[in-house]
Amino acid sequence: MVRTLLVRGLLLGLLAGLVAGVFAFAVGEPRIDDAIALEKAAAAPEHGAAAEPESATHGHESGTHEQESGTHEHGEEVSRGTQKAGLFLATGLYGLAVGGVFALAFAGLRGRVGPRSDAALALAAAGTAFAAVIVVPFLKYPANPPAVGDPETINTRTLLYLAMIGVGLLSTAIAVTTARGVRGGPWARWPAAVLAFVVPVAVASLLLPTVDEVPDGFPATLLWQFRITSLGTQLVFWASFGTLFGWFCDRAARAPAPAPA
């Protein structure tokens, strides 16, 4: 059964990743193009970018685009066409990995925690994962487009982001444990679970350092369009994956058993 769930998770994760890639391509890529255009316009007076081909970024002091939009180590920028094609590869591989991990976690939760229905459990698990792994770190460290962020702090920012993911997962475990330990109906369990989730997240958000590297003059509208699109891409992935995984699990559970030979 675990093997069946794993294969199902891998395939449906890949499919959901491609669906999320379509959303990111249609909604997110124009925001990235606008951010890159702003970065090049800002670099042109200092580095003579107006006289260079569009794909040249040699000597660019900020280095942000080289770090966050797929440039090579020697400063040669990967074309935007290649990056856009690679978007689907990235979201597909992301879905493949997440789908496999989710399927294994689902196999462990099945019949032990959460709803008894496979479809309801899949949706609940996907929603919980979205909240813990995506929303929690997003609230503290939202995504930034190219031209935002110091490349010298990328390791620190990555560690802080991973720390918030860990906080989200730990808070989820505390909330589940709290809900299972509270006696009474859902009106007692749900508030206790929500409080047990929110308190560690709030404490961690206050204790961890704030990262604000948005340059002066960067359009706030473009910044938040990019951030909301980034969050929306994850929402599309988790909603698609949770729905598909739950539907296939429920359909398999309702399928008649094969007749004995």
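The model is a predicted one, so local features are given only where pLDDT is at least 70 and side-chain atom pairs count only at pLDDT 80 or more, while totals for chains, interfaces and linings use all residues. Residues are numbered from 1 along each chain as its sequence is written, and side-chain values use heavy atoms, with hydrogens and water left out.

The protein chain has seven helices and zero strands, which gives the pattern α-α-α-α-α-α-α along the sequence. Helices here are DSSP runs of H or I with at least four residues, strands are runs of E with at least two, and both are numbered from the N terminus. Of the 261 residues, 36% count as buried; buried means under 20% relative accessible area, exposed means over 50%, and partly exposed is in between, with a 1.4 Å probe and protein chains only. A contact here means heavy atoms within 4.5 Å.

The axes of H4 and H7 (residues 220–254) come within 7 Å and cross at roughly 160°, which makes the two helices roughly antiparallel. Axes are lines fitted to C-alpha atoms, for helices over the stretch in contact, and angles run from 0 to 180 degrees between N-to-C directions. As for the labels, angles under 35 degrees count as roughly parallel, over 145 as roughly antiparallel, 65 to 115 as roughly perpendicular, and the rest as oblique. The crossing of H4 and H7 is right-handed; that is the word when the near helix is turned clockwise from the far one by less than a right angle, and left-handed is used when the turn is anticlockwise. On the H4 side the meeting residues include Asp118, Ala122, Ala126 and Phe130, and on the H7 side they include Leu231, Trp238, Phe245 and Asp250. By class, this contact has 14 nonpolar, four polar and three charged residues. Ala, Val, Leu, Ile, Met, Phe, Trp, Tyr, Cys and Pro count as nonpolar, Asp, Glu, Lys and Arg as charged, and the others, Gly among them, as polar.

Asp118 sits in helix H4 and counts as buried because its relative accessibility is 8%. Setting aside neighbours within four places in sequence, Asp118 is in contact with Phe106, Arg110, Gly246, Cys249, Asp250 and Ala253.

H4 also meets H5 (residues 154–181), with axes that come within 8 Å and cross at roughly 140°, so H4 and H5 are oblique to each other. H4 passes H5 in a right-handed crossing. Among the residues making this contact are Ala132, Val136 and Lys140 of H4, together with Tyr161, Ile165 and Thr172 of H5. The contact of H4 with H5 divides into eight nonpolar, three polar and one charged.

Next comes the pair H5 and H6 (residues 186–207). Their axes come within 8 Å and cross at roughly 155°, which makes H5 roughly antiparallel to H6. This crossing, too, is right-handed. Residues in the contact include Met164, Val167, Ser171 and Ala175 of H5, and Arg189, Ala196, Phe197 and Ala204 of H6. The contact of H5 with H6 has 12 nonpolar, five polar and one charged residues.

The largest nonpolar core has 21 residues, and those with the most contacts inside it are Leu5, Phe102, Phe106, Phe237, Trp238, Phe241 and Phe245. A nonpolar core is a set of buried Ala, Val, Leu, Ile, Met, Phe, Trp, Tyr and Cys residues joined through side-chain atoms within 4.5 Å. Helices H1 (2–47), H3 (80–109), H4 and H7 each give two or more residues to this core, and H4 gives the most, with seven. Not counting residues up to four places away in sequence, Phe102 touches Ala122, Ala125, Ala126, Trp238, Phe241 and Phe245. Apart from this core lies another, of seven residues, among them Val136, Leu160, Val167 and Ala204.

Two further residues round out the picture. Thr229, in helix H7, counts as buried because its relative accessibility is 11%. Leaving aside neighbours within four places in sequence, Thr229 is in contact with Phe23, Val27, Gly28 and Arg31. Ile32 lies in helix H1 and is buried, with a relative accessible area of 17%. Ile32 and Pro146 are 114 residues apart in sequence, yet 6.8 Å apart in space, C-alpha to C-alpha.
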